[in-house]
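Please look through the sequence and the structure shown below, and then follow the report, which takes up a helix, a pair of helices and a sheet in turn.

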Amino acid sequence: MLKKITLLLYGVLFLIQSACIDKIAEQSEAPTQKRPNIIILLTDDQRADAVGFMGNPQIKTPHLDILASQGIVFSNAYVTTSICSVSRASILTGQYARRHNIWGFSKNFSPQQWQKTYPIVMRNQGYYTGFIGKFGVGNELPQADFDYWRGFEGQGSFRQKNEAGDDIHLTRMISDQIITFIDTVKSKAQAFCLSVSFKAPHVEGDPGYFLPDPKYGQLHNQQVLSEPVQSAPEFFNHFPPAFTENNVARNRWKSRFANPQMQQENIRKYYQLIHGIDVVVGELVEALTRNGLLDNTIIIYTSDNGFYLGEYGFAGKWYGSEPSIRVPLMIFDGRNPLSQRKTRKDIALNIDLAPTLLKLAGITSPKEMQGYALMPQPESPRDYFLYEHLWQSTPRYFIPSTEGIVYTDKKYMRYFMNRDTTELIFEELYDLNKDPLEINNLMNAPTFTSLKKSLKDTLHRAKLQASVD
C-alpha cells in the first residue's frame, strides 16, 4: 500500500514538473518587453508660453516644436510651488512641499527621502542613471548615487571653460555632456534614465541679468516682441502697496522691465536663452538617432516654474499668477510617435513627473508620492490643485507667502506674511474662462460670495490632505 502511494506521489510530481518545464519554455519563447529609455529635460524659469508649441509665433524653438507635433502637449501644466529648489524637490519626490518640507535653498533631503526619489528607485530597479546640470536642492551633491554625473551645486554660471581652456556657454557645455552620455550608453544592455537640468533661461547672478550664448546674440534683433498685456502701466497697482513695497518682484522689475527699451531687450535675451536649449534638443535627437536609440526613448520637456516678464510690475516668480505657476510640458514617445500632436487639457503638475517616469518604466511608485502618473491614463483624476509658496520672508528679501486653489476655470489666491494666515495682505479671485489674463479681481464682487466660501473651504481641505504623512 505504501509503495502504491509513493508511486502515485512520484507521478503527480512528474506531471507538475512537466507542466513547469512547459511553462518555462513558453515564457522563454515569448518576446520580452524592452524597457524604454527615459530623458527628462528640465529648464529653469521658463513660462508656459515661451515655446513655439504653446502658441508663441515669435520664439524660435523648431526642434521642440517637431517633437511636440509627434507627442502629447499638456496645455494646463503647473507647478505646486513656483521657486526652483522647492519645485525640484517636488519633481524628485512626487510630493507637495508640505510633505517633503524643503522650503529653502540649503536644506537637503534626508537619507530616507532620497531613497524614495525617482532616480534612486529607477537605479535600484536596474536603470542606468545620469544627471547633468543644476541639481538645485540643498548643498550636498549626490554624485555617488548616479552612474553618470555632471551636476553642479547652487545656481552655477553660464560662463564656463572647456577642456582646452576656451570660453563656452553653459548650455553648450551641457549639450556636449549629453552627447557623451548617449555615446556611452549606446552599447549597454540596460535601459537608461537621464535627467538634464538646464540653468537657462534663468538669469546670471543675483539680482541678475539674462546672459544668452553670444552665438545667438542677433536673434530677434530686428523684431518688436510682444509684451504681456498686464505689463501695461494701468496694471502696475493691481497688487496693493502693502504687497509691492520693497517686494523682490517689484525691485527686480525695476532692473529688467521698467521701460519699453529694457523690456524689449530682456524678453529678447530670455528668448535667446530658450533658443539655445532648443538647439541642444535638436542635437540630442540627432545623437539618439545616430546611435539607434530614438525608437525606444521617451523625452519629457518641462520647467521648474514660470516667470513674470513685467506683468503687474513684477519680475521673477513665487506668486500665484498664471505666468508664474504655469509651465510647458510635452512628452514624446519614440516607441510610438503620434502622426499628429495630441493636446491634453486636464491639469498636470510637477508632482506628477516622478510617478509618470516610474509608470513608463514599469516600476511601482513609492506610496509616499502624491502625484498621478499622467500616462498611459487618458487624463488625470483631479479637478483642481493646491498652490503654495510659504517663504520665510525678511525685510531684505520680502516675498509674501501664498496659498490658493486652482481649477482650469477659476482660481483663488491669498497672500500673507510667512505662515501667519490670520492677517491677509491681499486676495485674488478670477473667472479664468472670461478672464484668462487675471485682470478683473472678483474678491469684492458680492455676486461671488458663495464661490469665495466654496473655494476657501476647498483650500482648507486641500492643505490638510497635502500635509498628511
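## Helix α9 and its surroundings

In this predicted model, helix α9 covers residues 248-256, and its buried residues are V248, A249, R250, R252, W253 and R256. These buried residues pack against three other elements, namely α8 (241-244), α10 (260-290) and β10 (315-316).

The N-terminal end of α9 is capped by N247, which places a side-chain oxygen 2.9 Å from the backbone nitrogen of A249.

## Where α2 meets α10

Helix α2, made of residues 62-69, has an axis that comes within 7 Å of the axis of α10, and the two cross at roughly 55°. Because of this angle, α2 and α10 count as oblique to each other. On the α2 side the contact is made by P62, H63, L64 and L67, while α10 contributes D278, V279, V281, G282 and V285. Sorted by class, the residues of this contact are six nonpolar, two polar and one charged.

## The eight-stranded sheet

Eight strands form an open sheet with mixed pairing, in the order β4-β3-β7-β1-β8-β11-β2-β12. Its edge strands, each pairing on one side only, are β4 (148-152) and β12 (342-349). On average, and with direction ignored, neighbouring strands of the sheet are turned by 15° against each other.

Within the sheet, β2 (residues 72-78) and β11 (residues 329-333) pair in the antiparallel sense over two bridges, and V73 stands opposite M330 in β11. Helix α7, residues 170-185, packs on the sheet and touches β1 (37-43), β3 (128-134), β4 and β7 (192-197), and the direction of α7 makes about 175° with that of β3.

Notes:
Residues numbered from 1 in each chain as written. Predicted model: local features only at pLDDT ≥ 70, side-chain atom pairs only at ≥ 80, totals over all residues. Heavy atoms only, no water. Buried < 20%, exposed > 50% of the residue type's maximum accessible area, 1.4 Å probe, protein only. Helix = DSSP H or I, 4+ residues; strand = E, 2+ residues; numbered from the N terminus. Contact = heavy atoms within 4.5 Å. Polar contact = N/O pair within 3.5 Å; in protein donor to acceptor, adjacent residues only side chain to side chain. Axes fitted to C-alpha atoms, helices over the stretch in contact; angles between N-to-C directions. Parallel < 35°, antiparallel > 145°, perpendicular 65-115°, else oblique. Nonpolar A, V, L, I, M, F, W, Y, C, P; charged D, E, K, R; others polar. Pairing = 2+ DSSP bridges.
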